[in-house]
Amino acid sequence: MSLRTLNAKDATDLDKDLMSVGAFSLDQLMELAGLSVSQAVYQVHPPEKGKRVLVAVGPGNNGGDGLVAARHLWHYGYQPTIFYPKQSKNELYQRLSEQLKNLGVPFTDDFEGALKNTDHVVDSIFGFSFSGEVREPFAAVITAMENTKVPVTAVDAPSSWSIEDGPPSSGPGAKFNPENLISLTAPKPLVSHFRGRHFVGGRFLPPSVAQKYNLDMPEYKGVEQIVELPAGQNTKTQEV
């Protein structure tokens, strides 16, 4: 199975379509994305492999997906810890944080310390809208994920990667190729550089929107929100 990729501009436009003609709200889309992330983590790292999950959260929508995923993981029986150094003042993100605090999920300011005491990492720092230079505190976090032996699941994109071109040529993330990737809605062109297990989560995409962007609709089984793409059959170039 191979799926067409979605570039950064089209990914942005598709999200706008989902919230206009699709009638979705941002928090609905974030909930569906975070649910997909949590299922991918459960697939690659079931609780019997270790329940401690460190979630690195960025300041935007990708970080919101990570917060939602952490809540679902707690309900699955995991023990998530949240690293969220640039907390948004937006009401939605504040509510997502409060939901986790109400469950007793700890927040930490020490990523490298927490990394020494975790079984799995979720990278939800930067998503498809990322561009430019990685700044602190995230540069050090990405370097730590790059060098750790703890398995990492990246949300939509390994943080620091260009959506079109993959890992940077130098600096933080140049050698970052996490064990797992969950692409949201559709894969992005960067997956041609990715070497791990690759999942797609988009079981909410209306056929009319998929057709507009010439996207393939994978076959989801049962109640699953994700599909794993076989190694070596990840994507095909989007036709214009």
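Let me start with the sheet: eight strands form an open sheet, in the order S4-S3-S2-S5-S6-S7-S8-S9, and the pairing is mixed. Strands S4 (107–108) and S9 (227–229) stand at the edges with a single partner strand each, so one side of each has no neighbour in the sheet. Two strands pair if DSSP finds at least two bridges between them. Helices (H or I, at least four residues) and strands (E, at least two) are DSSP runs, numbered from the N terminus.

This is a predicted model, in which local features need pLDDT of at least 70 and side-chain atom pairs count only at pLDDT 80 or more, while totals for chains, interfaces and linings use all residues. Residues are numbered from 1 along each chain as its sequence is written, and side-chain values use heavy atoms, with hydrogens and water left out.

S2 (residues 52–57) and S5 (residues 120–124) run parallel and are joined by five bridges. Ala-56 has Asp-123 in S5 as its bridge partner.

Next, helix H2. H2 covers residues 26–44, which is 19 residues. Buried residues in H2 include Leu-29, Met-30, Ala-33 and Val-44; buried means under 20% relative accessible area (1.4 Å probe, protein chains only).

Last, Ser-97, in helix H4 (residues 91–102). Is Ser-97 buried or exposed? Ser-97 is buried, with a relative accessible area of 4%. Setting aside neighbours within four places in sequence, Ser-97 is in contact (heavy atoms within 4.5 Å) with Leu-67, Tyr-84, Gln-87 and Phe-107.

Methods
The expected span of a helix is 1.5 Å times one less than its number of residues. Buried means under 20% relative accessible area, exposed over 50%, partly exposed in between (1.4 Å probe, protein chains only).
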